[in-house]
Amino acid sequence: MSGFGYRIADGKAERVSVKDALDGSARLAWIHLSATNAEAAAWLRDQAQLPEYLVEALIAQETRPRCDGFAAGAFLNLRGRTQEDIDSSDLLASVRIWATRGRVISVTRKHLIATDTVEQAVRDGTVSDPGDLITAFATAITNDLDPVVADLGDQIDDCEQQLDADRVFELRRRVTHVRIAAIGYRRFLNPQRAALEKMAQLPGDWLATDDRAHVAAAADRAARMAEELEAIRERSSLIHETLTDLRAELIDTRSLIIAIAAMVFLPLTFITGLYGMNVEGLPYAQKPWAFDAIIIACVAISTGIVIYFLRKHWLRR
């Protein structure tokens, strides 16, 4: 088990060990654990003296964003980006937070990028109570995700501008990548919005009015990002259908060219095959001008077939 603690009092934050953060002398104690093993569960149960249902919620392996209110505080699960290796089907790592008056315990299995931002806010003195800390987490996560979602939208814009039959395979890969990422992020942003909205409406005086407003603002941003991701997913599907049509058109065009070439050479092959037989009685086979005549006839037939296709507009795209 690894982690750190902060004791915050009178606008000053002191980083301490996890054990020392629980001495109760500070206005706010923040304990952050990075743990995946039984040692973390034992510490939460024995040292932090949390009930078993909270311990299980804080160390659960697979979680979705949610918020549960209790008489003493609230449990909040949020999802944010991480730079550590993560399953491609699960693009966001979770942070589980138990907040009560004077104490916040957060647990992660993967280090979130937002954790560094929150820790910097604590050191800067902008966090003085549990509401401030939850607001810092919610704001940091949404601020970190916002440019990622915007970048996905920009990639889709680029793909729409580059739609071309000659780039079908390259664009299909890019669109598929963007669509998978949009689905992966949207999967958690919708429940995250609901969790933040519920947090903003929880009863209790440990969450100040301004903190509720900031959490609600983070929920609004999460909702906006979820809507944008849904739009990206729909645009990706439309572009994918367009690329499929372009690919079919490209295949049809190439098939038409092959068919035309076959139609041109079919009579020529018949004539040359006929006069290539080693049998007696072929007309004009012994004439010195016969070869030239066959060549001229082949050229005339080919020209006639091409002119016929042009008049039928079969050679125009």
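## Arg15 and its partner

Arg15 is partly exposed in this predicted model, with a relative accessible area of 48%. Its partner in a salt bridge is Glu119, and the closest N and O atoms of the two lie 2.3 Å apart. The bridge links distant parts of the chain: Arg15 belongs to strand E2 (residues 12-16) and Glu119 to helix H3 (residues 113-123), 104 residues apart. Glu119 has a relative accessibility of 7%, so it counts as buried.

## Other salt bridges

In total, the count comes to 15 salt bridges. One of them joins the side chains of Asp68 and Lys198, at 4.0 Å from N to O. Asp68 lies in strand E4 (residues 66-69) and Lys198 in helix H5 (residues 168-200), 130 residues apart. Asp68 is partly exposed at 23%, and Lys198 is partly exposed at 40%.

Glu228 and Arg224 also form a salt bridge, at 3.8 Å from N to O. Both are in helix H6 (residues 209-275), and because they are four residues apart, about one helical turn separates them. Together with Asp146 and Arg221, they are linked in a network of salt bridges.

## The whole chain

The protein chain has seven helices and seven strands. Its radius of gyration is 35 Å, well over the 20 Å that the globule rule gives for 317 residues, so the chain is more spread out than a compact globule. The C-alpha atoms fill a box of roughly 120 × 35 × 30 Å along the principal axes.

Of the 317 residues, 41% count as buried. The accessible surface comes to about 17,300 Å², and 54% of this belongs to carbon and sulfur atoms.

Terms used. Residues are numbered from 1 along each chain as its sequence is written. This is a predicted model: local features need pLDDT of at least 70, side-chain atom pairs count only at pLDDT 80 or more; totals for chains, interfaces and linings use all residues. Side-chain values use heavy atoms; hydrogens and water are left out. Helices (H or I, at least four residues) and strands (E, at least two) are DSSP runs, numbered from the N terminus. The radius of gyration is taken over C-alpha atoms; the globule rule is 2.2 Å times the number of residues to the power 0.38. Buried means under 20% relative accessible area, exposed over 50%, partly exposed in between (1.4 Å probe, protein chains only). Accessible areas come from the Shrake-Rupley method with a 1.4 Å probe; for residues, only the protein chains shown count as cover.
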